[in-house]
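Subject: A structure for you to look at

Dear colleague,

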Amino acid sequence: MTDEERKQKIFEEEPVPEHILVKIEEHRRRGMEVPDEELIKRPSHIEGIRAAGVINTAVLDEVAARIHAGMTTQDIDDIVSEFTRAHGGICAPLGYEGYPKSVCTSINAEVCHGIPSRHRKLREGDIVNVDCTTILNGYYADASRMFCIGEVSPARKKLVDETMKCLEIGLAAAQPWATVGDIGYAIAKYAHSKGYSVVRQLGGHGVGIDFHEDPFVAHIGHKKSGMLLVPGMVLTIEPMINAGKAEVVIDPYNEWTVSTADGKDSAQWEHTILITETGNEILTY
Ligand code: MF3
Ligand code: CO
Ligand code: CO
């Protein structure tokens, strides 16, 4: 059986618990946007995604141990691809919609989708996001961290720390029977209170059986709007927070790398989480 067939079979063999279906139906009747059943992962799926998360975390730990000024972003790509392969995983980015490398490395004013290159050296004072998505036995886990290279300016350090706080605030809002809009509302409110802006064009997403699933998780939003969060959903929260304006531009040459339009710094942290009956569980710790 292929990974795809195994994942599909689990949907039939492990149905969504009746009490959850009843509660979804109540919300639907009140006019709320609710997830399709295929967005609700079953115990065997969750086991698989959790195992992918363990490798994903180990990959980022390996990057954390080895990242330093003077290395190139291609060196990071080599670390990620070799370590992932050595642990039985696959790097999801490589070949994804034509993406040419195994990881995203986004420096300073780059918001996301920075492409590793042997011509780009990390310099003292840079802030860099390393975003890894790991496939294990067909299951996906997606996380990113910021790294400060040597001594960075107080403004950069603050942006990095406050962006982590934005992720934590998003995690706290990601409760069962809350909504996707509750997550974005909480994040944007905090970011704006610190004088930062929130990138709108990109966001978190359902993940686990595929790389990018529904729902789109905007990091701005309105309370009690957007899709209902139901136990068994797996999604990412990955706020991209800008020191200046929210507008972004895409590199016209590589057609991937997103940077701030005003050239000011941007930071991002990402986790994959499971919505549980009592809260959520981070699968990429
Ligand atoms: N990992 C990114 C995310 O958080 C997606 C990268 S797509 C790629 O969704 F092709 F650039 F790798
Ligand atoms: Co990611
Ligand atoms: Co993601």
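Which pocket is the space taken by ligand 1? The space taken by ligand 1 is the largest pocket, where a pocket is, on a 1 Å grid over the protein atoms alone, an open set of points where a 1.4 Å probe fits, with protein on both sides within 12 Å along at least five of seven lines.

This is a predicted model, in which local features need pLDDT of at least 70 and side-chain atom pairs count only at pLDDT 80 or more, while totals for chains, interfaces and linings use all residues. Residues are numbered from 1 along each chain as its sequence is written, chains are lettered from A and ligands numbered from 1 in the order in which they are written, and side-chain values use heavy atoms, with hydrogens and water left out.

Around ligand 1 there are 14 residues (each with a heavy atom within 4 Å of the ligand), and D142, H205, H212, E238 and E270 are the closest. This shell is made up of six nonpolar, four polar and four charged residues, where Asp, Glu, Lys and Arg count as charged, Ala, Val, Leu, Ile, Met, Phe, Trp, Tyr, Cys and Pro as nonpolar, and the others, Gly among them, as polar.

As for polar contacts (pairs of N or O atoms within 3.5 Å), an oxygen atom of ligand 1 is 3.0 Å from a side-chain N or O atom of H205, and a polar side-chain atom of H212 lies 2.8 Å from an oxygen atom of the ligand. The protein buries 96% of the 340 Å² that ligand 1 exposes when taken alone, with areas from the Shrake-Rupley method and a 1.4 Å probe.

Best wishes

Notes. A polar contact is a pair of N or O atoms within 3.5 Å; within protein, one must be able to donate a hydrogen and the other to accept it, and residues adjacent in sequence count only if both atoms are side-chain atoms. On a 1 Å grid over the protein atoms alone, a cavity is a set of points where a 1.4 Å probe fits but cannot get out, and a pocket is an open set with protein on both sides within 12 Å along at least five of seven lines; lining residues have an atom within 4 Å of a point. A molecule sits in a cavity or pocket if more than half of its atoms lie within 2 Å of its grid points.
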